[in-house]
Amino acid sequence: MNHAQLTALGRALRVLGEHGEALSAETPDARLHEVKDDLRRALDLLEESVTTAAPSTRCAEHPTGPVDESAPDLCLLCETRRRAARRAEFNGPAPASRPAERPESRYGVRGDRPQPQQRWLPEAWNGQAWQLCGTPRRDRREAELFIAAQRRGSRPAMAYRIVHEFTDYEVLRVWGTPVRVDIEPMGNL
Ligand SMILES: [Zn+2]
């Protein structure tokens with residue numbers, strides 16, 4: 001915005017402010033038409049002053065890029081890049097030479113995993129928040145079996161989910177519907 005635009009826009013906006021101050025039930029229609037014209041003028045001035053598109057994401061690198069609603073910064077480009085990086089880390093490099101005699105294990109072989117610290121966290125909805133409900137597992141299937149057992153138990157929670165703990169957290173699957181409920185009064189304990 002240059003100085004002339006700034007001056008003109010400032011004046012137009014102040015005029016609108018005055019219209020607002022003077023507005024009452026008795027304001028005649030002729031006056032309202034004037035307000036409309038002044039509003040339009042201010043809008044035109046704004047249109048001229050703003051040369052860039054409104055930001056669609058919170059990403060500093062791609063403020064007007066495509067949107068991914070599930071990304072923390074709403075940036076599809078960066079989220080795609082992050083996902084690819086996660087996947088690459090998760091899958092690890094292509095196995096070069098895999099000994100044929102190694103037995104297949106349901107739980108995977110530790111040596112196959114480039115990032116052995118990854119864990120699957122079973123969580124239950126306690127009516128207020130997601131809460132860890134069992135030991136974090138090194139294997140997703142094991143965590144799912146644990147949740148299946150919990151759901152068959154005598155007092156299952158409203159909902160369960162598994163969270164993949166790695167370089168960040170990613171919800172992989174949700175069972176049930178987490179609904180926020182009021183905390184039970186102490187008398188009910
Ligand atoms: Zn971005």
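Student: Over how many bridges do β1 and strand β3 pair in the antiparallel sense?
Tutor: In this predicted model, strand β3 covers residues 159-165, and within it isoleucine 162 stands opposite proline 122. The pairing of β1 with β3 is antiparallel, and the number of bridges is six.

Student: Which residue of β2 stands opposite glutamate 123?
Tutor: Strand β2, residues 130-132, pairs with β1 in the antiparallel sense over three bridges. Four residues separate β1 from β2 in a hairpin, and in its turn glycine 127 has a positive phi of about 100 degrees. Across this pairing, the residue of β2 that stands opposite glutamate 123 is leucine 132.

Student: Is strand β1 mostly covered or mostly exposed, and how many of its residues are buried?
Tutor: Strand β1 runs over residues 119-125 and is mostly covered. Of its seven residues, the number that are buried is six.

Student: Why is the arrangement of donor atoms around the zinc ion classed as it is?
Tutor: The protein donors are Cys59 (SG), His62 (ND1), Cys75 (SG) and Cys78 (SG), which lie 2.1 to 2.3 Å from the zinc ion. Four donors count as tetrahedral if all angles lie between 85 and 135 degrees. Because the four donor atoms subtend angles of 101 to 118 degrees, the arrangement is tetrahedral.

Student: How many residues apart in sequence are the parts that cysteine 59 and cysteine 78 tie together?
Tutor: Along the chain, the zinc donors follow the spacing C-x2-H-x12-C-x2-C. Cysteine 59 lies in the loop between α2 (29-49) and α3 (76-91), whereas cysteine 78 lies in helix α3, so the pair ties together parts whose separation in sequence is 19 residues.

Technical notes
Residues numbered from 1 in each chain as written. Predicted model: local features only at pLDDT ≥ 70, side-chain atom pairs only at ≥ 80, totals over all residues. Heavy atoms only, no water. Buried < 20%, exposed > 50% of the residue type's maximum accessible area, 1.4 Å probe, protein only. Helix = DSSP H or I, 4+ residues; strand = E, 2+ residues; numbered from the N terminus. Pairing = 2+ DSSP bridges. Donors = N, O, S within 2.8 Å, 3.2 Å for Na, K, Ca; no water. Tetrahedral: all angles 85-135°; square planar, octahedral: opposite > 155°, others 65-115°.
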